[in-house]
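Hi,

Here is the structure I said I would pass on.

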Amino acid sequence: MFAATRERRALNALVHPAVIRALRVWLAAQQRRGRPAAAVIPLLFEVGLDRGWDAVICVAADRPVALRRLRQRGLSLRAAQQRLRAQWPLARKVRQADVVLWNNGTRRALAANTRTAWTALMKKEK
């Protein structure tokens, strides 16, 4: 699927508008309630949703780590490489993000780094 550009674009054209509408409804509800909100958006930059946030956090992993994790999910090496090629280059996302969380380690380490980043952002907002 990720190698078939035309088919991937057609699928995205069907799925993305509905997902974006649902995201906007949810975000508006959070704002009405005065709640801070965070959204996990895998293709944030690729679909142009990177504007209008107080901060953009990029969770990044080195390419060998990302490939290994995709392989552990059952993808072939070729399919994993195609999936990564279908996205913006990681260096470009890292440059555009306000905060980068490197996720080359454990889930526990990522969770700790996420809490630290979130706490810093919440303090900055006050």
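I call it a salt bridge when a side-chain nitrogen of Lys or Arg is within 4 Å of a carboxyl oxygen of Asp or Glu. Arg51 itself is exposed, at 61% relative accessible area.

Before going further, some housekeeping. This is a predicted model, so local features need pLDDT of at least 70 and side-chain atom pairs count only at pLDDT 80 or more, while totals for chains, interfaces and linings use all residues. Residues are numbered from 1 along each chain as its sequence is written, and side-chain values use heavy atoms, with hydrogens and water left out.

How many salt bridges does a search of the whole structure find? Two. Lys93 counts as buried at 9% relative accessibility, whereas Glu46 is partly exposed at 25%.

Now the overall layout. The protein chain has five helices and two strands, in the order α-β-α-α-α-β-α from the N terminus. Those elements are DSSP runs numbered from the N terminus: helices are H or I with at least four residues, strands E with at least two. The C-alpha trace spans about 45 × 35 × 25 Å along its principal axes, and buried residues make up 23% of the 126 residues. Of the contacts (heavy atoms within 4.5 Å) between residues at least 6 apart in sequence, 58% join residues at least 24 apart.

The helix pair to look at is α2 (residues 63-72) and α3 (residues 77-85), which pack at an angle of about 125° with their axes 9 Å apart. That makes α2 oblique to α3. For the wording: under 35 degrees is roughly parallel, over 145 roughly antiparallel, 65 to 115 roughly perpendicular, and the rest oblique. The axes are lines fitted to C-alpha atoms over the stretch in contact, with angles from 0 to 180 degrees between N-to-C directions.

Which residues make the contact? From α2 they are Arg63, Ala66, Leu67, Leu70 and Arg71, and from α3 Leu77, Ala80, Gln81, Arg83 and Leu84. By class that is six nonpolar, one polar and three charged residues. (Ala, Val, Leu, Ile, Met, Phe, Trp, Tyr, Cys and Pro are nonpolar; Asp, Glu, Lys and Arg are charged; the others, Gly among them, are polar.) Val65, Ala66, Leu67 and Leu70 of α2 are buried, and what covers the buried residues of α2 includes α3. Just after α2, Gly74 takes a positive phi of about 105°.

Glu125 is partly exposed, at 48% relative accessibility. Glu125 and Pro36 are 89 residues apart in sequence but 9.9 Å apart in space, C-alpha to C-alpha.

Cheers

Methods: Buried < 20%, exposed > 50% of the residue type's maximum accessible area, 1.4 Å probe, protein only.
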